[in-house]
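Hi,

Here is the structure I promised to pass on. Have a look at it first, and then read my notes below.

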Amino acid sequence: MSPPEVAAPAARERLVLERIAARRARPALFRDARIGLAHGAGGKASRDLVEGLFLPAFDSEALRQLDDAGRVHVDGLRLALSTDTFVVRPLQFPGGSIGTLAVHGTLNDLAVTGARPLALTASFVLEEGLEAAVLETEVSTMAAAARAAGVELVAGDTKVVERGRADGMYVCTTGLGRVDRRAHTSPRRLEPGDRILLTGPLGRHGIAVLLARGEFELDAEVASDTRPLWPAVDALLEAAGGRLHAARDATRGGLGSVLNELATASGVGIVVRERDLPADPVVAGACEILGIDPLYVANEGQLAAFVAPDRADAALAALRAIPGFSEAADVGEVVAGPPGLVQMDTAFGGRRVVDLLVGDPLPRIC
Amino acid sequence: MRFVDEFRDPALGRSLADAIRRLAAPGRAYKIMEVCGGHTHTIYRYGIADLLPPNVELVHGPGCPVCVIPMGRVDDAIAVARRPEVLFTCFGDMLRVPGGGGTLLDAKAEGADVRVVYSPLDALRLAERHPDREVVFLAVGFETTAPSTALTLRQARARGVANFSCLCNHVTIVPPLAALLESPDLRLDGFIGPGHVATVVGTRPFEFIPREYGKPVVVSGFEPLDVLQSVWSVLDQLAAGCAEVDNQYSRVVTRDGNPRALSALADVFELRPHFEWRGLGFISSSGLRLAPAWAEYDAERRYRLPGVRVADPKACQCGEVLKGVLRPWECKVFGTACTPERPIGTCMVSSEGACAAYYNYGRVARQGAAS
């Protein structure tokens, strides 16, 4: 085949891809007739719902940042506010429970926006017939988790619904934090050259919950990674200060979704190196058998940090020095483009796109 | 992971890629079809196209079980799922396949009880756990998944589970391949044969391809090294000017297949006179239905199905993509009107579908390779 014949289809292919890129860059639209589970899964449908319905309706400067917590400025004081609802089934699973998630989840949303958590509120939706012992266990779990994180629970609310209208219990927590003096993070601050640090292996939480449901007849020892992330953010800020450009906990939708959100928000590209991703062999095995990509599995105790190259090594060393974070790794970097596109250098030696997920790969996990 | 990582070794991958580059004649363009959607998935997931020289092109074939289901059959499934007494079960990828009137996922959001299962046995267990409901399993797939449906029905009978039935859309791989080979616009140099199907049926059913059409077939495993080695092996046959069925997946595939699975198939299923394939039209003796001895488990007999044939949307070129005549991005609606979130055609739905795989994984990798 002569070179012009090779080039012609390639040029046409590039045109098609450019057309698609332009289309994808259009603002999100919410135009579904009904809510489906995918709207809660952290992928494309979630993005359409949040950016196509909630954002235009509640429009505010803080919301427009699309960060994990909203910033509120009061008399020169920089505060952060975040809220999250927990509907996990089963209520308890190896490594944690709905109570631990409810505390860590909200505190971590504050932490990754650079805010030291100060106080929490909790709302309970309880199903008629829920065993009191279950509630007591979760309440004491929450109290212990809040104490351990040095945060007070300062207000609450309770509602009870008829049997069959809730899965035992749902918990909603709201957290207030004070934005750290050293913190100048934003999902829009990613810059080409930034290195991407990941705090540990992916997928433990999602797989632990999935296996705890007992639907797959897979026996594997996997515990959820739920834990507070403020110590990690504190260490990153100490090592990198304002050179920490962004941080995000890789919860629902996993690392793949988080990278896509930030690449889009900052208008940059991202390249991840598969061989550098820390891996839990048991999680990797379960994902292999179930045909799930660990990149999209939820974590409750891992964050991705985007650090300017001159402070990246120091930041990584600081992370690894914290107990429980020794597996932290440098897993990729921010590149100029194509904007909004996340790619992965596969361990096998090829390169592929890591896109936002369309549907829901997993059942309710947080 | 032992027994997995060995087949993903990057150093071996590079040396195979070098061997392929040496074997491919510079003045010649090669088109090799991977028949099975599982291979398509592997090729994109590991970025294998990047490792091949530009004159060796992999063409995606008709072997994605979700992609070949025609719209009318999806509508039949939705009609059953909407019945109040029915608890409808299917594999996850079927949920978003568009019929003429929406998807199973739409039906679920509107109140139908649709649940995802990983195995037909899970569906049977649901039937035992919900004796007051009628559990229907939507069976799709080639000879790979058909034996598990057959064994599940045998178990249903053995355990006396009466509230269980199967809406059968199983298909067989050889008739569409034969139809493809007869197609006048086909220009293929060889095939990467479907390893999972061959585990059941053996390599013998593919011997007509080299014998009658003179094209090499290499039955391949699903790890990246398997696929690269199979590409090499097709090129090797072409270079030597011979054509035969080579079994690269010999760690599980034999010439005669799995006799127990084959006897379960023969016991439970019979061939339909013809079956419609998405984009390919009606193909004789290509679909399976439950044999008369299993009529009581046949959802087609238990429920009145609309059974309406729905023409593929005009803009959709899934047929050409399934035949390997068009590359996914050459379809008129690819990536614009037809996207993974709003698929028009089935190829854009399953992760094994050529269009979805290219859209999700391949977009830029090939752009880089082409420039």
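Let's start where the chains meet: 33 residues of chain A are in contact with 37 residues of chain B, where contact means that the C-beta atoms, placed from the backbone, lie within 7 Å. On the chain A side, the elements giving two or more residues are helix H1 (3–24), helix H9 (281–290) and strand E14 (351–353). Helices (H or I, at least four residues) and strands (E, at least two) are DSSP runs, numbered from the N terminus. H1(A) provides the largest share of that side, with 9 residues.

Before going on, please keep in mind that this is a predicted model: local features need pLDDT of at least 70, side-chain atom pairs count only at pLDDT 80 or more, and totals for chains, interfaces and linings use all residues. Residues are numbered from 1 along each chain as its sequence is written, while chains are lettered from A and ligands numbered from 1 in the order in which they are written.

Most residues other than glycine have a negative phi, and most peptide bonds are trans. The bond from A:Arg89 to A:Pro90 is cis, with omega near 0°, and A:Pro90 sits in the loop between strands E2 (77–86) and E3 (92–93) of chain A.

A:Asp75, in the loop between E1 (70–74) and E2 of chain A, has a positive phi near 45°. A:Asp75 is exposed, with 4 other C-beta atoms within 10 Å (buried is 20 or more such atoms, exposed 12 or fewer, partly exposed in between, with C-beta atoms placed from the backbone).

Cheers

Key
Contact = placed C-beta atoms within 7 Å.
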